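Please examine the sequence and the three-dimensional structure shown here.

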Amino acid sequence: MGLNRWVPPLRRRAASQAGAGPVNAKVMTSVTLGAVVLGYALDGSGTAALSGALVFFAFPAVAVTNAIVQYLRADTLHETSGPPSMAVHPSQPAVAAASAEDVPRGATTFWDALTPLERQDLIARGDRHLYRGEDVLCREGGLAGEVVVILSGWTRVWVREGAEQRIIAFRGAGELVGERAALMIRDRSATVTADGDVQALRIDAPDFGAFLDAHPRVRGVLEQQVYRRQIEKHDFGDVQGNCSILITDITSFSSPARTDADREYVLGAMYDLMGEAFTASGLDLGRLYQEDRGDGALVIVPPTTPTDRVVDPMLAHLAAALRRHNRRAAEATRLQLRAALHVGPVQRGPKGVSGISIITTRRMVDAPAVKRRVAETGADLAFVTSDFVFDTVITPAPGLVDPGRYSRVRVRLKEASLPAWLMLEGGGSQLRAV
């Protein structure tokens, strides 16, 4: 084990006290010489002088032995792993005692992917907690106020389907649960329950956010975990084939009038409002395939879910929620949302999903004609659909859908263009169709 900065003062202190102990060498030397002179003066014999000499040599030997013992005690202090205030408690799991300076290759858990310094910082920001069997770490639909690192034991992740529980996954030592709190998503998407005793580190969401700010590299680690869990959760098997593709984009997201804190707030609000609107259509946004696009989202709805559920009553609820948000929002946190819906083939790959249908949907949401109409009307929601969606879903006018509020626009695809249909809600568009 290597030396650390706490050793030199301790060793110097030990060396300075080497003569200390039951007998001090300097004092006893003077006493011994005095005893020799006094003994000879009183007795006048050689025996007294010899006795004094033996005492003279005995006491320094004791002092030297005492110094050696003190030095050996001090020398053991160099075998420490750091300053005393950071020493690992004997009861702390081995997962917190890593000493490698770089991230291990092949790291498979969130904890494994952290460096020792990152781990120390995270430990300092959190509180250790022991969960007993069947204790709930976080509950589906509950407030996402903290993240939890499992140090030992196992947990199961499940969602409720009617009266039944559907297990999604099991999480063990080194894994992070409750990451939705770190992503500023307010509600839990699943319940996490302890299977037996679980030692864990709990960190409040604001403290975890400060940790990510202090260690930007860890954000990438967290994003990779979220992506892996999307794969695990949905298996991507249900997004093959002709899927409903929804892409959203926040208007003026990168505007200089917004701060980074404003952007984070607006993005979180978008996911919250979308989640509520999907719930109104009987869909769980947390269980659909999603990709965060920085200033918006890509949502893939499997072929087994009818496209009309993505439209009705989801759109009406989303438009109403956006109006409520914008009535109370400052200019920097106003949320104007463009959304495009298309249906087409989707392929999966090791890095995510792909297909010309996704590209077409992206072009629809970014169409200059759509952006121009939003700028002219100040609409809260701009919803654009392909001809196919308009003919098969919008025209039959289910529920809260009004085909009369849609107008035809053109979407450019490089050198070609295709027709689409646009509906605006809020702003100056409330009283007339575009």
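## A nonpolar surface patch

In this predicted model, W154, I167 and F170 make up a nonpolar patch on the surface. Together the three residues have about 330 Å² of accessible area. One of them, I167, belongs to strand β4, which covers residues 164-171. I167 counts as partly exposed because its relative accessibility is 43%, a value between the limits of 20% for buried and 50% for exposed.

## The chain as a whole

The chain has 434 residues, and 45% of them count as buried. Its secondary structure comprises 13 helices and 14 strands. The chain exposes about 22300 Å², of which carbon and sulfur atoms supply 56%.

## Salt bridges around D249

A search of the whole structure finds 16 salt bridges. One of the residues involved is D249, which forms a salt bridge with R338, with the closest N and O atoms 3.1 Å apart. D249 lies in strand β7 and R338 in strand β10, so this pair ties together parts that are 89 residues apart in sequence. Both D249 and R338 are buried.

D249 also forms a salt bridge with R362, and here the closest N and O atoms are 3.0 Å apart. This second pair links distant parts of the chain, since D249 is in strand β7 and R362 is in helix α11 (residues 356-365), 113 residues away. Is D249 buried or exposed? D249 counts as buried because its relative accessibility is 6%, and the limit for a buried residue is under 20%.

R323 lies in helix α10 and E425 in strand β14 (residues 416-425), so the pair ties together parts of the chain 102 residues apart in sequence. With a relative accessibility of 26%, R323 counts as partly exposed.

Some salt bridges share partners, and in this way D249, R338, R362 and D366 are joined into one network.

Q336 lies in the loop between α10 and β10, the latter covering residues 337-349. Although it is in a loop, Q336 counts as buried, because its relative accessibility is 16%. Which backbone atom does the side chain of Q336 reach? The side chain of Q336 reaches the backbone oxygen of A379 at 3.0 Å.

Leaving aside residues up to four places away in sequence, Q336 touches D249, I250, T251, V374, G378, A379 and D380. This list includes D249, which also takes part in the salt bridge with R338.

H325 is part of helix α10, which spans residues 314-328. At 10% relative accessibility, H325 counts as buried. Apart from residues up to four places away in sequence, H325 touches Y265, A269, L273, T333 and L335.

In helix α13 (residues 387-394), the buried residues are V389, F390, V393 and I394. They cover an arc of only 105 degrees around the axis, and therefore they are on the same side of α13.

## Backbone exceptions

Most residues other than glycine have a negative phi, and most peptide bonds are trans.

E134 is not a glycine, yet it has a positive phi of about 75 degrees. E134 lies in the loop between β1 (127-131) and β2 (136-138). S252, also not a glycine, has a positive phi of about 55 degrees and lies in the loop between β7 (241-250) and α8 (260-280). S252 counts as partly exposed because its relative accessibility is 48%.

The peptide bond from D312 to P313 is cis, with omega near 0 degrees. P313 lies in the loop between α9 (308-311) and α10.

Conventions: Residues numbered from 1 in each chain as written. Predicted model: local features only at pLDDT ≥ 70, side-chain atom pairs only at ≥ 80, totals over all residues. Heavy atoms only, no water. Helix = DSSP H or I, 4+ residues; strand = E, 2+ residues; numbered from the N terminus. Buried < 20%, exposed > 50% of the residue type's maximum accessible area, 1.4 Å probe, protein only. Areas by Shrake-Rupley, 256 points an atom, 1.4 Å probe, with all protein chains shown as cover. Contact = heavy atoms within 4.5 Å. Patch = residues over 30% accessible without salt bridge, like charges linked within 9 Å, V, L, I, M, F, W, Y side chains within 5 Å. Salt bridge = Lys/Arg side-chain N within 4 Å of Asp/Glu carboxyl O. Polar contact = N/O pair within 3.5 Å; in protein donor to acceptor, adjacent residues only side chain to side chain. Arc of directions from axis to C-beta.
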